[in-house]
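The stops below are given in the order to select them.

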Amino acid sequence: MKTINAANKTMVHLDTIKIYSLNALAFLSTLTAIDTILKLTLLVVSIVYTTVKIFSVIKNELKIKGTVDKMEKNVKELKEIKEEIKKGGKKQR
């Protein structure tokens with residue numbers, strides 16, 4: 001009788017392991033599909049983020065370049081005014 005009970009317990013144990021294995025495989029296959037979707041989503045989001053960041057950097061560079069150009073123009077005008085003042089000061093003496 002003990003042998004039959006031990007065999008039954010072993011069979012039940014093996015059946016349980018088989019069921020757990022099948023459930024684990026089904027769960028992993030589900031995770032694989034979800035994982036693929038998440039990877040694609042992450043890829044799309046990172047591409048969009050990178051594009052927006054590049055656009056922002058280029059926009060800031062153009063803005064800085066425009067500011068530098070304006071400053072150089074102002075410096076040039078100030079030098080011309082300074083020269084005119086020097087010339088005007090010399091004429092008065």
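Start by selecting Asp69 and Lys65: both sit in helix α1, four residues apart, about one turn of the helix. Helices here are DSSP runs of H or I with at least four residues, and strands are runs of E with at least two, numbered from the N terminus. This is a predicted model, in which local features need pLDDT of at least 70 and side-chain atom pairs count only at pLDDT 80 or more, while totals for chains, interfaces and linings use all residues. Residues are numbered from 1 along each chain as its sequence is written, and side-chain values use heavy atoms, with hydrogens and water left out.

Show the side chains of this pair. Asp69 forms a salt bridge with Lys65, the closest N and O atoms being 3.4 Å apart; the term means a side-chain nitrogen of Lys or Arg within 4 Å of a carboxyl oxygen of Asp or Glu. Asp69 is partly exposed at 38% relative accessibility (buried is under 20% relative accessible area, exposed over 50%, partly exposed in between; 1.4 Å probe, protein chains only).

Next, select Lys39 and Asp35. Their side chains meet in a salt bridge at 3.5 Å, N to O, and the two residues are four apart in helix α1, separated by about one helical turn. Lys39 is exposed at 55%, whereas Asp35 is partly exposed at 36%. The count of salt bridges comes to two.

Move to Leu38, which lies in helix α1 (residues 2-92) and is exposed at 53% relative accessibility.

Finally, zoom out. The protein chain has one helix and zero strands, and 0% of its 93 residues count as buried.
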